[in-house]
Amino acid sequence: MAASEAPTTGTSNLPAARVRRIIKEDKDIFACGPESLFLISRATEYFIDCLVRESYEFSRLDKRKTVQYKDMAKAVQSIEPYDFLADIIPPTASVRKPAAPTTETPVPPVVTLD
């Protein structure tokens with residue numbers, strides 16, 4: 001199915017067995033009917049779609065067509081509803097070499113004896 005096509009009524013792109021297994025991991029939920037399973041699957045698809053669309057906008061700002069990790073990190077940082085993902089998708093850290101030292105000599109601290 002193409003990304004632009006909407007799934008038919010009553011179907012989900014996520015495998016129901018895996019969604020059911022994830023739901024069963026929550027000890028507070030004892031049973032989950034098929035309607036609830038479907039709604040959770042569709043809500044998850046909608047959430048993923050929104051996050052990817054926002055991330056794609058950041059990739060377009062960098063004149064790229066491919067969404068990269070840094071685009072998702074920017075979306076999480078700058079869009080308030082995604083704040084809960086800040087620990088899961090942290091901003092990228094640059095590993096560049098430190099800047100060249102300046103030509104100024106540092107002034108040593110003055111120590112006074114009382």
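Colleague: Of the 114 residues of the chain, what percentage count as buried?
Modeller: This is a predicted model, in which local features need pLDDT of at least 70, side-chain atom pairs count only at pLDDT 80 or more, and totals for chains, interfaces and linings use all residues. Residues are numbered from 1 along each chain as its sequence is written, and side-chain values use heavy atoms, with hydrogens and water left out. Buried means under 20% relative accessible area, exposed over 50% and partly exposed in between, with a 1.4 Å probe and protein chains only. By that criterion, the buried share of the chain is 17%.

Colleague: In what order do the elements of the chain run from the N terminus on?
Modeller: Helices (H or I, at least four residues) and strands (E, at least two) are DSSP runs, numbered from the N terminus. The chain has three helices and zero strands. From the N terminus on, the order is therefore α-α-α.

Colleague: At what angle do helix α1 and helix α2 pack?
Modeller: Axes are lines fitted to C-alpha atoms, for helices over the stretch in contact, and angles run from 0 to 180 degrees between N-to-C directions. Under 35 degrees counts as roughly parallel, over 145 as roughly antiparallel, 65 to 115 as roughly perpendicular and the rest as oblique; α1 and α2 are therefore roughly perpendicular to each other. The axes of α1 (residues 16-24) and α2 (residues 34-61) lie 10 Å apart, and the angle is about 100°.

Colleague: Which residues in α2 do Ala16, Val19, Arg20 and Ile23 in α1 meet?
Modeller: Contact means heavy atoms within 4.5 Å. Ala16, Val19, Arg20 and Ile23 supply the α1 side, and their partners in α2 are Leu37, Ile40 and Ser41.

Colleague: Which backbone oxygen does the side chain of Ser41 reach?
Modeller: Ser41 belongs to helix α2 and is buried, with a relative accessible area of 3%. Leaving aside neighbours within four places in sequence, Ser41 is in contact with Ser12, Leu14 and Val19. At 3.0 Å, the side chain of Ser41 reaches the backbone oxygen of Leu37.

Colleague: At roughly what angle do the axes of α2 and α3 cross?
Modeller: These axes come within 8 Å, and α2 and α3 are therefore roughly perpendicular to each other. The contact is made by Leu51, Glu54, Ser55, Phe58 and Ser59 of α2 and Asp71, Met72, Lys74, Ala75, Val76 and Ser78 of α3. The crossing angle is roughly 110°.

Colleague: Is Ser55 buried or exposed?
Modeller: Ser55 lies in helix α2 and touches Val67, Asp71, Met72 and Ala75, not counting residues up to four places away in sequence. At 0% relative accessibility, Ser55 counts as buried.

Colleague: Which helix do the buried residues of α3 pack against?
Modeller: Within α3, the residues Asp71, Ala73, Ala75 and Val76 are buried. These buried residues pack against α2.

Terms used. A polar contact is a pair of N or O atoms within 3.5 Å; within protein, one must be able to donate a hydrogen and the other to accept it, and residues adjacent in sequence count only if both atoms are side-chain atoms.
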